[in-house]
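Me: I'm new to this one and I'd like to know what the labels rest on. Can we go through it together?

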Amino acid sequence: MASITIRNLNGKTKKWLRVRAAQNGRSMEEEARLLFDQLQADENSNIATPAESGPPISNASLQIEPVSMTGQTDEVAERLRGSIAGTGSEILAGKQVLLVITGGIAAYKCLEFIRRLRDRGASIKTVLTKSAAEFITPLSIGALTAERVYCDLFSRDDEHDVGHIRLSREADIIVVAPATANFMAKMAHGLADDLASTIMLATNKPVLLAPAMNPLMWQHPSTRRNRQILANDGLYIIGPGTGEMAESGESGTGRLLEPIEIVKAVEILLDDRPKPLAGMRAIVTSGPTREAIDPVRYLSNHSSGKQGHAIASALAHAGADVTLVSGPVSIPDPEYVSVVHVETAVEMKQAVDAALPADIAIFVAAVADWRPANSADDKIKKAKGEDAPAITLIENPDILKSIGTLNENRPALVIGFAAETRNLIKNGRAKLKRKGADWILANDVSADAGVMGGDLNTIRLISIDGIEEWPTAKKQQVASRLITKIVEFFEKESIEI
Ligand code: PMT
């Protein structure tokens, strides 16, 4: 495997890399490797490179990228990615981590993981499976953790007080890294034939898995099934990452994430500080509406709900009490959000009105501006020789405008979107004014942009203060960025009061 020699980079690039690495709490080599991994992963999806994407990765936009098996939003990833947590060592100070190392070549990365956890004030107990001990020695682990390393279920020293139960309960969190395909299979099926797997059955603590294996093993239907079972059982799964494998000439998805990424996930899961939007109520609309022509036909659009659902999820993870009013979409409901399912614009308005009062209202739904004046009770029949039926349209209620211009009960922050195919800024500004919104997030929805229904979005945030240009990013990242702005807005407001 080729190694990266930082020395050979030019001075300016070296400096830039040093600053980025420091900001992200990584070594320069790690930062460079991550950039390459990300570049490769992003090649097809045309995501802005980190250099273009503005602020350094913060926990608010933490990119933990489990591979979605279904092509749909990965709820576990959402839970981690959407979390708003502070950086900093204070979260892990005094916390106990039980690290279970299973047998894979990536086991060597645990040494770095342990070092970083200890730097942050955590104490670490380690369990090694028999096959892990083929890759890494209890001696090196013990030296780094300053604790004894546990390997044996039937140890005479530990089992006098049922040591496996004690180990599983003492810790604040259990991290399995690397988690092999074999260990995941054992866990998914509840096998307990050694110390590590017995602990997993006996624990009542959060469990974070960081899988690492050959890409074909990761893609294998049985591993996919097992992963789904484990996610359904409430385990947190991060990674694997994409890149070159230890096996010569092999690359793909299966690499253990970098130790710092696993540390950040642990920080998010153990962060019990108050959430920035705790105590606030939010309403989000998402998806398209369907306006019936007759019992089988309707007018609608290509909105998938991805952007609105990502925002609802991110708000919930920031502590807000969220009502999501969703038109018909095929993506799952986000976790920790009350979802009201509607079909038409009229129903959407009724659901929004019923959810008031709120502190924040965000209108992401692509609401049909018009609906057929009359929806036929029976399917409209095609009769020989007759002209095509004319559909008379009437205007739908403008939900954003009705909330933005409320005199009483108006949410403190009303945010609309503007879906435009031309004159983005001009039309966005006009909507800001006309609809009484505080901010308009204007996005280009022409077919070429692929925003409607796609995974990426490019936002121009328009307010009376001016225009902010956001780089192209995944819709979850757009959501994280919006939450950061919302938190700033309320912080500023409370200072001004
Ligand atoms: O769902 P995705 O596939 O992820 O795609 C996301 C998106 C492209 C739908 C989203 O980013 C977006 O642009 N949403 C706004 C869609 C829209 O209807 O825009 P508009 O410019 O027509 O409306 C302006 C604003 O008024 C929007 O906030 C809209 O929700 C709101 N509106 C419009 C009409 C209406 N009758 N009631 C409304 O509340």
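Me: Which residues have the most contacts inside the largest nonpolar core?

Reply: Ala282, Val284, Ile311 and Leu315, in a core of 61 residues. Before going on: this is a predicted model, where local features need pLDDT of at least 70 and side-chain atom pairs count only at pLDDT 80 or more, while totals for chains, interfaces and linings use all residues. Residues are numbered from 1 along each chain as its sequence is written.

Me: What makes that set a nonpolar core?

Reply: The name goes to a set of buried Ala, Val, Leu, Ile, Met, Phe, Trp, Tyr and Cys residues joined through C-beta atoms within 7 Å. A second, separate core of 58 residues includes Ile114, Ala122, Phe183 and Met200. In soluble globular proteins, nonpolar side chains tend to be buried together.

Me: Which residues is Leu315 in contact with, leaving aside its neighbours within four places in sequence?

Reply: Leu277, Ala282, Val284, Ala320, Val322 and Ile483. Contact here says that the two C-beta atoms, placed from the backbone, lie within 7 Å.

Me: Why is Cys110 called buried?

Reply: Cys110 has 29 other C-beta atoms within 10 Å. A residue is buried if 20 or more other C-beta atoms lie within 10 Å of its own, exposed if 12 or fewer, and partly exposed in between, with C-beta atoms placed from the backbone. So Cys110, with its 29, counts as buried. Across the protein, 42% of the 497 residues get that label.

Me: Where does Cys110 lie, and what is around it?

Reply: Cys110 lies in helix α4, residues 109–119. Leaving aside neighbours within four places in sequence, Cys110 is in contact with Leu99, Ile101, Ile136 and Ala177. Leu256 is 146 residues away along the chain, yet its C-alpha atom is separated from that of Cys110 by 10.0 Å.

Me: What makes something a helix or a strand, and how many are there?

Reply: Both are DSSP runs, numbered from the N terminus: helices are H or I over at least four residues, strands are E over at least two. By that count the protein has 16 helices and 22 strands.

Me: How do you know that β1 and β4 pair?

Reply: Two strands pair if DSSP finds at least two bridges between them. Strand β1 (residues 96–101) and strand β4 (residues 173–179) are joined by four bridges and run parallel, so they pass the test for pairing. Val100 stands opposite Val176 in β4, and the bridge partner of Leu99 in β4 is Val175. β4 also pairs with β5 (residues 207–211), again in the parallel sense over four bridges.

Me: Why are β3 and β6 at the edges of their sheet?

Reply: The open sheet has six strands in the order β3-β2-β1-β4-β5-β6, with parallel pairing. β3 (149–150) and β6 (236–237) each have a single partner strand, so one side of each is left without a neighbour in the sheet.

Me: What makes β4 mostly covered?

Reply: Seven of its seven residues are buried. Ile173, Val175, Ala177 and Ala179 are on one side, with Ile174, Val176 and Pro178 on the other.

Me: What is the strand order in the sheet of eight strands?

Reply: β13-β12-β9-β14-β17-β18-β20-β21, an open sheet with mixed pairing. The edge strands are β13 (338–341) and β21 (466–469), each pairing on one side only. Inside that order, β14 (residues 360–363) pairs with β17 (residues 413–420) in the parallel sense over four bridges. Four bridges also join β9 to β14, and these run parallel.

Me: How does helix α12 sit against that sheet?

Reply: α12 (residues 306–317) packs on the sheet, touching β9 (281–286), β12 (321–326) and β14, and its direction makes about 165° with that of β9. Such angles run from 0 to 180 degrees between N-to-C directions, with axes fitted to C-alpha atoms, for helices over the stretch in contact.

Me: Which residues come nearest to the ligand?

Reply: Gln307, Phe363, Ile399, Gly416 and Phe417, out of 31 around it. A residue is near a molecule or strand if its C-beta atom, placed from the backbone, lies within 6 Å of it. β17 gives the most to this shell, with four residues.

Me: How do the residues of the shell around the ligand divide?

Reply: Into 14 nonpolar, 11 polar and six charged. Ala, Val, Leu, Ile, Met, Phe, Trp, Tyr, Cys and Pro count as nonpolar, Asp, Glu, Lys and Arg as charged, and the others, Gly among them, as polar.
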